[in-house]
Amino acid sequence: MLENYFPILLLLAVALATAVVMMAGSFLVGPKRNYAEKVAQYECGFAPLSRVRLPFDVRFYLLSILFVVFDIEAAFLFPWAVAFKDIGLTGLVEMLLFLMVLLVGYAYIWKKGALEWE
Amino acid sequence: MAVQLPEMNLVLLSPEILLSLVAMGLLLMSAWSGKESRGLIGTMALSGIVLAAVVLAGLSSATPSATMGGHFIDDRLARAMKWLLLIATALPLLMSREYLNQHGLDSGEYYVLTITSLIGAMAMVSAGSFLLLYLGLELMSLSIYVLAAYQRDQLQSTEAGLKYFILGSLASGILLYGTSLVYGATGTTLFTAVANAIKTAEHVSPVLVLGAVLVIIGISFKVAAAPFHMWAPDVYEGAPTSVTAFIAVMPKVAAFTAFFRVLLEAFSALHVHWAPMLQLLAVLTLAVGSLGAIAQSNIKRLLAYSSIGHVGFLLIGLTTGSQLGHQSVVFYLANYIFMSVGAFCLVLVLNRQGIGDQISDYAGLAKKRPLLAFLMSMFMFSMAGIPPLAGFIAKLYVLMAAVKAGLLTLAVISVIFAAIGAFYYLRIVKIIYFDVAEQPFDMEVSLSHQIVLAISALIVLVVGIFPGKLLDWSLASVQSLL
Amino acid sequence: MSKYLLIVLAPLFGSMIAGFFGRLLGNRLASLVTIAGMSVSALLAIITFFEIAVGNGDPVRQEVWSWIVSGEFRVSFGLLIDRLTAVMLIVVSGISTLIHIYSMGYMAEDPDQPRFFSYLSLFTFAMLMLVTGDSFLQLFFGWEGVGLASYLLIGFWFKKESACNAAIKAFLVNRVGDFGFALGIFTIYQVFHTLDYATVFRMAGTGQYPQTVDFLFWGPVHTMTLICLLLFIGAMGKSAQFILHTWLPDAMEGPTPVSALIHAATMVTAGVFMVCRASPLFELSETALTVVTVIGAITAFFAATVGLVQNDIKRVIAYSTCSQLGYMFFAAGVSAYSAAIFHLMTHAFFKALLFLSAGAVIHSMHHEQDMRKMGGLRKKIPITYTVMMIGTLALTGFPFLAGFYSKDAILEAAYAAHSTAGTFAWTLGMIGAVLTTFYSFRLIFMTFHGRPADHHSYDHAHESPWVMLGPLMVLAVGALFAGMLGESMTHLGWFKSAIFLAPGHDAMEHAHHVSAWVKWSPFLMFLIGLGMAWLLYVRMPELPGIIAGHYRATHRFLLNAWYFDRLYDRLFVQPAKLIGEGLWLTGDAKIVDGCVNGVANLCQRWAEQLRSLQTGYVYHYAFAMLIGVLVLMSLYT
């Protein structure tokens, strides 16, 4: 059972080694001459107007969560669509139920105004 | 190629289906209807729970059966625990409505979230696989995280919700990781199949044991067993009191059932591995529960530590691995619901008039409101395990199980911690009866509070004197295990 | 609810109503409620008596409810009503009802009547529980219940220091007995694995038990002897038998109706009842029976001698009770259980009568209890005098009154037992009979005859109200006829299965065939006692003083009840106090308090440390969790 995972372990090791080698190489070999402009944040060539670590508007989070929810809906729909012929009517009903549940939530957020930016 | 779909006996799921429909309906209702119908939503939520209870009672007698390809189990344990879950949801909900009203929390979503967490818990107790267990756990937990943060304008409440969420997610991650390890080692998530795989394997693979340990840790977080308890005092204190009453009881019932399922149905062959671990957890939990409470001045924090102490006892019952032990766990849980709900109900009653959550605020309650003082003392005495109250029988059975299983050291330790624990319960009684009153205590006790108090007090007293029926019921519910 | 259950529960209901709502109901209503409860109980008890005892009905066994049933562990409450119980039922319910009624008059001026009646009914409930139980557990339950009620009622006037002390004394002495009793029950459970009468007796009868057991540090001892002696220690405490008798005279501090009901008619007979109920066990141990006989005989004699010189009217009757209980015990000891129960019944009537009459005297003398301050009262309170005379005659065994039948039956049985212990008991019993007559008539003569000693109280003496006299008359009728009517009880096999006799234990059978002189000698004793009393207290009233002066030491010895109280004081009370004080000052204050406070401080410190771990930062919590995960992972995988 476990030996099936060996390639993955190998892959992990190779990936890790590659990253370490590359970073260590540039750290060891590359020249280090720092001055103010060089370490400054890069912002399309002009001086930064404000700090980079701005708090995002909370509405982005809301939107992204909604996106994730419907993204997952899609993730479910694909395998269902692939297997649709095999699972037949039962599968159809089940998926419709699932969509209905999502629809209730969708109606709720719509009514609550979560989809409007202002 | 036609795929053979697993048979689906939806009748067995009817309480859950019903509650889901109620939750969805209420969600839409709370979005579309105005403020005036909030009371209606609360009533409907309660009726929904009662209806689910009726449906549950109407299900034909439980011959252990599984559906959904073995992912959903319907047996005596599941039925019994669902009853406890319904009670542990309905009573806090019943007593919270005025509190919610006064604090402006009674929007429909509160009820929806309560019901969804109930559905999650019910899924947990019926879980036949790690998959459904995890799904139920997440549904329950996510709903409760939101409930804990429900008082959005209060810093404490949001902080509580956030803490609970972050630490809970961590625990969920651990649980999921453990599950994946178990799947990796056995190739299945079904409890029975896992058990079979362990039995047929020549040797126990360390990966499996690691997975089991992580799964147990994940569930331990949910019951607030030390050292995974640290969220509990902060969350109990910060969350609205009505939510605290709810999360003090309901998730524990679900999580302990999950323990039953996982430990006895999936990992029963690993008893030698998990029993010592649970014993260690039990001792730590007892220590934290009884010592931690001593230094508390806030009643909700104190009750948080008190519940941790109770969890310690429950864990002892669990580690025995004997039928008596399992019986004692179910019995303890049933009594714990009523003791805890009763105590929180009194906190709610006394809290309403702007008296803070401090224990010292209860000084001299006995002189002004002798009945309330008596009830509070009764719940405290029961929690401390003083006869002839229910808490005594519960502790007695746990100890009996521990002694019979040969866990003498554990029993002695638990008695010592119970004695230390008795100190802080008695301290409350002392403050109530012997300190000078500073508060007027002129609050009225509403009908719903009267009902909840009467039920809890009656159960605590009657079960303490006539424990026979409940003991039988507990025994019957665990008979399908092992 | 079956009527048998109602017999037991009706007093409880009355007690609860009077106790919880006493202030609401007021004195009159509270007493009436309890009387109503008692009347129901008494009425049903009479019906039951006619069904089971007179009408030859079969014993009734009912399971009332299961208290704890879980797995093999099972505790249930049930009723067992056979002829033994039926007799006890009528005695307890009947007399208790009369005393409730009497108390309405006696306690009329007391402000705490609801409490009094509540306790009285509670007592009755516990006593009924005791006699109807179908297991040793229930017996124990009732046993402790009556002990509690007795404690509460002795200390009813809790503002009086002597009453409080008496209550505590009664409680403590009973505790000694109860300790033995509880050990006995534990042993029964250990041996038979059940406390159910039927099962225990069946197994005992067929010998399905280990013949010897280990008890504490003693190696194998005879099982039955051990059980019976332990049980009997309980009976000695409850029934005030020699060695454990000291509480009974002091218990007279309680109101007189209490003395009549609890400390004469019912509770103190619980020990006798228990020995008879457990006859299937006692019959299997000759040693235990001998002990019962000897202790009973000594008590019968000892208490009678002390009764000779007491001056407090209630104390005389108290010692008389103690003595009569001794008679019952040695009857049981010679396997004449039926005679014991018969005497228990008749004694209940005439002793309750005597106590209540004494109460009426005290009532009419404005709570004066010293007989030396009475005298000549027969003209002032003729009805009381008449009924008290009936009671005295019944007690002393005047022909065809109650005591004549029952006491003679006991003495004949003791004689017919033809054993050393039996003969010993018979001899002491005979002497006791003389003494009984003497002190009884001494009481009558000092109180009712002669010249009034205190003219003031004599002039104010008055007959008691009818509510008190009524019960007296009913009891007087009982004292007159109970013996005649109940004599059939002593016939062999009347009690059916309720009493078990081992082969060879046929004292009762032979008792009916003893020669005439044995039958009539108690009457002779009566005449001697009466003559002496008449001589000393009527004919030559100055003589007792002279005799007492001459035999000063003996008089003081008797007056102080053989110095038992002082002995116990020296032997137990003072050392206990010393030890207690020592333990308190050094052991408790220094060592225990030191340890306890130390542990408490330690806990407090740990608690503070634990609290300081609880920082409130999420990352600390998460860190602690992960540490926990790592530790557990490394420990258990």
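A salt bridge is taken here as a side-chain nitrogen of Lys or Arg within 4 Å of a carboxyl oxygen of Asp or Glu, and by this rule the count comes to 22 salt bridges over all chains. The structure is a predicted model, in which local features need pLDDT of at least 70 and side-chain atom pairs count only at pLDDT 80 or more, whereas totals for chains, interfaces and linings use all residues. Residues are numbered from 1 along each chain as its sequence is written, chains are lettered from A and ligands numbered from 1 in the order in which they are written, and side-chain values use heavy atoms, with hydrogens and water left out.

The interface of chain A and chain B, with contact meaning heavy atoms within 4.5 Å, takes 14 residues from chain A and 14 residues from chain B. About 1,300 Å² is buried between these two chains, 75% of it on carbon and sulfur atoms, where buried area is the accessible area (1.4 Å probe) that two parts lose on being put together, summed over both. Of the area that chain A buries against chain B, 39% is supplied by A:D86, A:Y108 and A:K111, more than by any other three residues. One salt bridge is found across this interface, and the side chains of A:K112 and B:E109 meet in a salt bridge with an N to O distance of 3.2 Å. The side of chain A that touches chain B comprises nine nonpolar, one polar and four charged residues, with Ala, Val, Leu, Ile, Met, Phe, Trp, Tyr, Cys and Pro counted as nonpolar, Asp, Glu, Lys and Arg as charged, and the others, Gly among them, as polar.

Between chain B and chain C, the contact takes 42 residues from chain B and 29 residues from chain C, and the buried area is about 3,000 Å², of which carbon and sulfur atoms give 75%. On the chain B side, B:M230, B:L291 and B:A295 lose the most area to chain C, together 19% of what that side buries.

Side chains of opposite charge can pair when their charged atoms come close. In chain B, a network of salt bridges links B:E159, B:K163, B:D234, B:E237 and B:R301. In chain C, the side chains of C:R175 and C:E144 meet in a salt bridge at 2.8 Å, N to O, a pair that links distant parts of the chain, with C:R175 in helix α5 (residues 161–192) and C:E144 in helix α4 (residues 136–154), 31 residues apart. C:R175 also forms a salt bridge with C:D178, the closest N and O atoms being 3.0 Å apart; because C:R175 and C:D178 are three residues apart in helix α5 of chain C, they are separated by about one helical turn. With buried meaning under 20% relative accessible area, exposed over 50% and partly exposed in between (1.4 Å probe, protein chains only), C:R175 counts as partly exposed at 34%, whereas C:D178 counts as buried at 4%. A further salt bridge joins C:R372 and C:D370, with the closest N and O atoms 3.0 Å apart; here C:R372 counts as exposed at 52% relative accessibility, and C:D370 as buried at 18%.

Conventions:
Helix = DSSP H or I, 4+ residues; strand = E, 2+ residues; numbered from the N terminus.
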